[in-house]
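Some words used for protein structures rest on a cut-off or a rule.

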Amino acid sequence: MWFKNLQIYRLPSPWAMTAEQLAEQLARGPFVPTLGTEAQSRGWVAPRGDGALVHAANGHWLLRLQIENRLLPASVVNAEVRKRVDALTELQGFGPGRKQLRELRERVVEELLPRSHPVPAGLYVWIDPHAGWFIVDAATPAKAEMVIEHLRRCLDEFPLTLLHTQDSPSYQMADWLASGYAPAGFTIDRDCALKGCSEDKPTVAYQHCTLEGDEIKAHLASGKLPVKLAMTWDDRVSFVLTEKLTIKRLAFLDLLKEEAAQNAETAADQFDADFALMTGELSRFLPALIGALGGEMND
């Protein structure tokens, strides 16, 4: 349940919604497995498996959007279409036209989808209604948008905004690399990627390298800007910061996970302990990161 990515959004602080009200509105969009020719199904499920659509603990909430995609490889569709095209060509003496071919493909997909293999997946959401955090554990903004879109269908009101900081993450990361100094509480690790601003956007990436010396500075001087930078905060949380202000490869110190496991007697206890420690760390980490980027930009 430990988050690995952070897509960061803002809610009003505090958010005028109770856990009970949220659960009642989420019930408008529960998960139902794909039926018939549906290629995908989305809906809310209990994050802890106990029936509650909102898992509330210490003022923090956890949601889970369940997603089911039917896997229908293009190669399977193409093979069946080719077989039917050959049969149709032999029957009528000439090949199908563009419109007929499109309709044939659509018919093949409709017939094969119900027999395809359903692939389950899920996305967790952490909400701090007091501080106004809305965080999706998703590797890409597109996946986070799936969560947000389904929430908008369920909630009466959903005043969500994307987090923006006063300073650009790219320019700040460039400053940290050029000076060799990270902001207070942070350290620079050994991975980064820089991209040029010219039309061909030349990119250079470093992995497991010391990010010091003339080579990095030469790339910065040539106009390249960091698009990814691996860092550690407070010797407790490691992560990769991107130019879009998303967090990837989020990892919590093993000692934290051991601490969570010490007093857990059941799986439910372990889930609660993990959630409490994770949200506690992130509640301190996010303000520190925003501070390092010049503070939050308010509309």
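**Terms and their grounds**

Tryptophan 126 has isoleucine 135, in β6, as its bridge partner. This is a predicted model, in which local features need pLDDT of at least 70, side-chain atom pairs count only at pLDDT 80 or more, and totals for chains, interfaces and linings use all residues. Residues are numbered from 1 along each chain as its sequence is written, and side-chain values use heavy atoms, with hydrogens and water left out.

Q: How many bridges join β4 to β5?
A: Eleven bridges join these strands, which run antiparallel, and leucine 65 stands opposite leucine 123 in β5.

Q: Why is methionine 17 called buried?
A: Buried means under 20% relative accessible area, while exposed means over 50% and partly exposed lies in between (1.4 Å probe, protein chains only). Methionine 17 has a relative accessible area of 12%, and is therefore buried. Its place is in the loop between β1 and α1.

Q: Which residues is methionine 17 in contact with, leaving aside its neighbours within four places in sequence?
A: Contact means heavy atoms within 4.5 Å, and by this rule methionine 17 is in contact with Leu22, Gln25 and Trp61.

Q: How do you know that the length of helix α4 agrees with its number of residues?
A: The expected span of a helix is 1.5 Å times one less than its number of residues. For the 14 residues of α4 (residues 141–154) this gives 20 Å, and because the end C-alpha atoms are 20 Å apart, the two agree. In α4, Ala144, Met146, Val147, Ile148, His150, Leu151 and Cys154 are buried, and what covers them includes β1, α1, β2, β4, β5 and β6.

Q: What makes β9 and β12 edge strands?
A: An open sheet of five strands has the order β9-β8-β10-β11-β12, with antiparallel pairing. Each of the edge strands, β9 (203–206) and β12 (247–252), pairs on one side only. Four bridges join β11 to β12, and valine 237 stands opposite phenylalanine 252 in β12.

Q: What is meant by a nonpolar core, and how many residues has the largest one?
A: A nonpolar core is a set of buried Ala, Val, Leu, Ile, Met, Phe, Trp, Tyr and Cys residues joined through side-chain atoms within 4.5 Å. The largest has 46 residues, and those with the most contacts inside it are Phe3, Leu6, Phe239, Ile247, Leu250 and Phe285. The largest share of this core, ten residues, comes from α8. A second, separate core of 29 residues includes Val54, Trp61, Cys154 and Leu155.

Q: Which residues make the contact between α5 and α6?
A: The contact is made by Ala174, Leu177 and Ala178 of α5 and Ile216, Lys217 and Leu220 of α6.

Notes
Helices (H or I, at least four residues) and strands (E, at least two) are DSSP runs, numbered from the N terminus. Two strands pair if DSSP finds at least two bridges between them.
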